[in-house]
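Me: New one on my screen. Walk me through it, please.
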Amino acid sequence: MATKAPATKTAAAPKAAKTATKTTATKTTAAKAAPAKAAPVKAAPAKAASVAVDKAAVEQFKASVLNHLRTTIGTSQEKASKLAWWQAVVASCNEEIFGLLTDTQKTHAKNDTRAVHYLSAEFLMGRLTVNNLTNLEKFEVAREALKELGLDINEVCEEEPDMALGNGGLGRLAACFMDSLATCNYPCVGYGIHYENGLFRQEIQSGKQFERPDSWREYGCPWEVCRPESVQNIPLGGYVETQTAPDGTKSSVWHPATVIKAVPWDIPVVGYRKSSVAILRLWESRAAESFNWDVFNAGGYVDAQAEKSLTETISKVLYPNDSTEAGKELRLTQQYFFCAASLRDILRRYNRTHHHDYSEFAKKIAIQLNDTHPTIAIPELMRLLIDEEGLSFDAAWDITSKSFNYTNHTLLPEALEKWPVYLFEKLLPRHLEIIYMINHNFLTGVVDKIWPGNNEMKAKLSVIEEGDCRKVRMANLCVITSGRVNGVAKIHSQLVKDDLFPEYAQIWKDKFCNVTNGVTPRRWLLSCNRGLAALYNEVSGKDWALNLDSCSKLKAYADKKEYQDRFMQIKYENKVALAKTIKELVGVDVDPNAMFDVQVKRLHEYKRQHLNLLYIMSLYRALLENPDMDIPSQVFIFGAKAAPAYTLAKDIIYAINAVADKVNNDLRIKGKLKVVFLPNYRVSLAEKIIPAADISEQISTAGYEASGTSNMKLSMNGALTLGTMDGANIEIVDFAGIENNFIFGLSVDEVKELKKHYNPWDYYNGNQELKAVIDWLDTDYFTPGQPGALSSIKNSLLNLGDPFLVLADFASYKEAHQRAQQMYKDKARWAKAAIINSATMGNFSSDRSIHDYARDIWNLKSQKI
Ligand code: 26Q
């Protein structure tokens with residue numbers, strides 16, 4: 001077993017300036033600048049404080065916070081730190097939340113409802129305070145109460161560390177889904193891992209990424225509750241013994257080498273307007289008490305402790321890879337650990353009413369696999385039913401195959417999980433036997449019937465990949481077992497069916513379906529953009545956050561000057577706030593009148609942050625040639641973490657910062673162009689960036705981004721998409737209108753075609769400007785005294801074949817930017833497009849996604865509490 005944490009450590013950081021970029025010489029103080037040619041603003045829509053607040057409720061909240069400050073936190077009003085105030089606010093919220101939770105659970109127990117169990121290795125929850133206050137409809141009350149106590153609610157809420165228990169899109173999707181499940185009253189439990197360290201904290205030193213541990217609960221997390229009564233013991237390792245009964249029947253007995261204790265921590269997820277409260281149950285690993293007392297007693301105190309640290313390592317850290325890196329023993333152990341604990345928990349609850357009669361199991365239980373990460377739950381359920389509950393293999397298979405469904409989030413072949421058979425032999429020998437049996441039944445009972453004697457087909461569809469190192473293909477096991485397999489955007493689901501699993505789709509025509517992703521409008525609009533929320537309250541009524549389609553009412557006003565001005569005034573105020581944050585974080589002055597162009601997502605070649613960078617360089621070059629060029633001032637804002645071992649991705653971060661440093665300090669271009677890389681991109685930073693964006697960069701190579709979800713958040717907040725026809729971009733512009741966005745680049749089919757004979761040199765040699773910027777990267781202009789410091793990018797784009805067709809899309813990308821600049825000059829046209837984008841995102845509420853899952857996949861009914 002791997003005992004070390006994964007490679008989050010790096011060499012000692014070079015001694016250098018703390019921030020990525022220096023203050024520029026251009027003096028544009030954000031807060032002071034007035035919107036360019038902004039029409040007089042009639043109302044003050046961004047000031048949601050004008051909302052009437054119930055005085056009695058304010059008094060009550062104040063009393064509750066003060067009481068908790070004394071009796072729960074053990075301090076006084078005079079001595080309390082901001083952290084203490086925040087803890088007291090959380091305690092006040094919990095008073096109400098736990099009551100609602102009990103009501104929810106009682107209702108479900110009484111009705112013995114069917115429920116979905118969402119298994120995910122990641123839940124990227126972010127901060128909970130503002131969101132919970134909003135969902136409890138207490139935010140304004142709390143703001144007023146804290147104000148009367150001399151505190152600013154935003155400052156108090158800044159005390160909360162992000163729960164960064166996920167890498168990116170997949171983890172955040174799980175968090176949005178929990179919010180929607182609770183809000184829409186679907187019985188559910190989310191199951192995951194209680195990582196001690198979430199995704200690493202990113203520090204930028206001299207432009208380079210360094211990873212630091214993220215101990216999000218160093219001082220405790222007041223939202224979570226430990227449930228010792230639901231602890232589970234999880235066996236691991238050892239060997240399987242085959243026993244033969246007197247009647248000749250054979251059975252397998254697993255003798256595990258280790259037992260790990262799984263301790264559950266519950267985090268209540270509050271539905272909007274106190275609908276229901278869902279539970280997110282995260283498992284922490286501990287050494288089982290009973291374990292290794294022999295060693296201890298024999299004087300091996302230190303050895304026993306070492307064994308303990310091994311078992312406690314399992315939930316220590318989240319793997320920081322958002323696509324690849326398979327084959328790590330600890331990662332497989334993590335996956336098995338949380339799946340095994342979750343299934344035991346599911347069985348325990350089921351048996352409270354069904355007393356080991358499994359005939360109703362598939363009727364009551366739906367299990368959703370969030371990607372292949374929890375696949376091991378399949379053989380584990382089989383094992384529990386066969387070995388511990390005494391069912392036959394066929395009976396167990398009948399139940400298992402009716403209970404599981406699988407969501408695919410990627411087509412990247414290197415991201416499809418495959419685990420070496422030897423690891424299974426070592427850690428999960430009994431599970432391997434079961435997998436072999438499932439596979440045998442599939443190959444002989446299904447494949448052989450359709451393609452008799454076709455060994456090639458068998459090899460292709462088998463769960464086991466043959467070769468020097470035999471491997472278990474987790475995706476194949478998911479597809480074979482699951483009732484439903486879904487992709488996360490229309491085009492992605494089509495590609496899952498046609499390109500990834502075509503033979504399986506031939507076997508099971510109706511197994512494959514689509515559920516387009518969504519995001520929760522409570523967090524991504526109501527909580528993070530109170531100005532725009534107030535405008536929707538006025539235009540669409542108070543229920544828009546429950547029915548995002550009703551925002552389309554604003555569309556009728558998209559041509560009206562008054563609403564255009566108000567909408568853009570809200571955007572402007574959000575940009576002023578972000579400009580302040582930028583100044584605080586990286587020391588760069590940006591002008592809120594400039595166009596804010598945003599690309600926030602994990603750093604990956606397929607997402608093509610380097611395409612954006614090449615364009616920025618070309619713009620810089622053009623401005624140096626003609627500083628009076630008639631273009632709007634622009635600020636390019638990046639937020640991105642790179643996997644610690646992904647060298648090229650880290651080089652791209654370095655390149656962005658190097659270019660930013662040059663550009664921001666170059667007086668010749670008169671402040672027309674700024675570039676900022678905001679360190680440590682995470683949910684709470686996204687909540688500040690997204691409401692302030694004018695342009696949403698969604699520029700993946702077509703066919704590579706399964707869906708994307710920042711595209712939805714940005715559009716919802718009035719940004720115009722500058723993007724390729726990929727993932728959910730296609731559906732977004734379908735609703736918002738292609739004329740209100742800037743689509744460019746090769747289509748999925750064109751990418752497939754070009755890839756057959758692509759030669760990046762043709763584009764390099766055929767485009768003087770492109771050649772010039774690529775060569776520029778290779779000089780020491782951006783890295784003084786260090787020529788070649790950025791050459792890995794050029795190398796990848798030319799010598800390594802430009803796998804994501806950056807050069808092929810460059811000209812078209814530049815042309816899309818020019819269209820955007822042109823439109824931005826026409827304030828009315830821009831405002832209209834921004835309004836239409838925001839007003840037509842109803843389809844991308846995660847409530848819609850959850851209703852789709854409930855209807856098409858889970859067969860789940862919502863329950864009034
Ligand atoms: C795999 C092996 C070992 C360690 C880690 C991993 C790992 C971890 C996280 C692999 C993948 C992920 C996350 C993937 C992800 O976030 N995918 C994104 O999912 C979003 C929600 O569906 C989509 O919108 C994005 O398009 C997709 O990239």
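Me: What do the buried residues of α4 pack against?
Reply: They pack against five helices: α1, α2, α3 (129-135), α5 (153-157) and α20 (530-540). Buried means under 20% relative accessible area, exposed is over 50%, and partly exposed lies in between (1.4 Å probe, protein chains only). Helices (H or I, at least four residues) and strands (E, at least two) are DSSP runs, numbered from the N terminus.

Me: What sort of model is this?
Reply: This is a predicted model, where local features need pLDDT of at least 70 and side-chain atom pairs count only at pLDDT 80 or more, while totals for chains, interfaces and linings use all residues. Residues are numbered from 1 along each chain as its sequence is written, and side-chain values use heavy atoms, with hydrogens and water left out.

Me: Back to α4. Which of its residues are buried?
Reply: α4 covers residues 139-148. Its buried residues are F139, E140, V141, A142, A145 and L146.

Me: And what happens just after α4?
Reply: G150 comes there, with a positive phi of about 85 degrees.

Me: Zoom out. How many helices and strands does the chain have?
Reply: There are 33 helices and 25 strands in the protein chain. The chain's radius of gyration is 28 Å, close to the 29 Å from the globule rule for 865 residues, so the chain is as compact as a globular protein of that length. That radius is taken over C-alpha atoms, and the rule is 2.2 Å times the number of residues to the power 0.38.

Me: What box do the C-alpha atoms fill?
Reply: Roughly 95 × 70 × 60 Å, along the principal axes.

Me: How much of the chain is buried?
Reply: 61% of the 865 residues count as buried. Take the contacts (heavy atoms within 4.5 Å). Among those between residues at least 6 apart in sequence, 78% join residues at least 24 apart.

Me: Now some helix pairs. How do α1 and α2 cross?
Reply: α1 is residues 55-71 and α2 is residues 82-111. Their axes come within 8 Å and cross at roughly 115 degrees. Axes are lines fitted to C-alpha atoms, for helices over the stretch in contact, and angles run from 0 to 180 degrees between N-to-C directions. The crossing of α1 and α2 is right-handed. For handedness, the near helix is turned from the far one by less than a right angle: anticlockwise is left-handed, clockwise right-handed.

Me: Which residues make that contact?
Reply: From α1, F61, S64, V65, L66, H68 and L69. From α2, A84, W85, A88, V89, A91, S92 and E95. By class that is nine nonpolar, three polar and one charged. Nonpolar covers Ala, Val, Leu, Ile, Met, Phe, Trp, Tyr, Cys and Pro; charged covers Asp, Glu, Lys and Arg; the others, Gly among them, are polar.

Me: What about α22 and α23?
Reply: α22 (609-625) and α23 (647-664) have axes that come within 10 Å and cross at roughly 20 degrees. They are therefore roughly parallel. Under 35 degrees counts as roughly parallel, over 145 as roughly antiparallel, 65 to 115 as roughly perpendicular, and the rest as oblique. The crossing of α22 and α23 is left-handed.

Me: Which residues meet there?
Reply: Q609, H610, L613, I616, M617 and Y620 in α22 meet I652, A655, I656, V659, K662 and V663 in α23. The classes are nine nonpolar, two polar and one charged.

Me: How do α11 and α14 cross?
Reply: At roughly 100 degrees, with axes within 9 Å. That makes α11 roughly perpendicular to α14. The α11 side has I378, P379, E380, M382, R383, I386 and D387, and the α14 side has R430, H431, I434, I435 and I438. These divide into seven nonpolar, one polar and four charged.

Me: Loops next. Where is R273?
Reply: In the loop between β11 (258-270) and β12 (277-287). Most residues other than glycine have a negative phi. K274 lies in the loop between β11 and β12 too, and has a positive phi of about 55 degrees.

Me: Is R273 buried or partly exposed?
Reply: Partly exposed, at 25% relative accessibility. K274 is partly exposed as well, at 34%.
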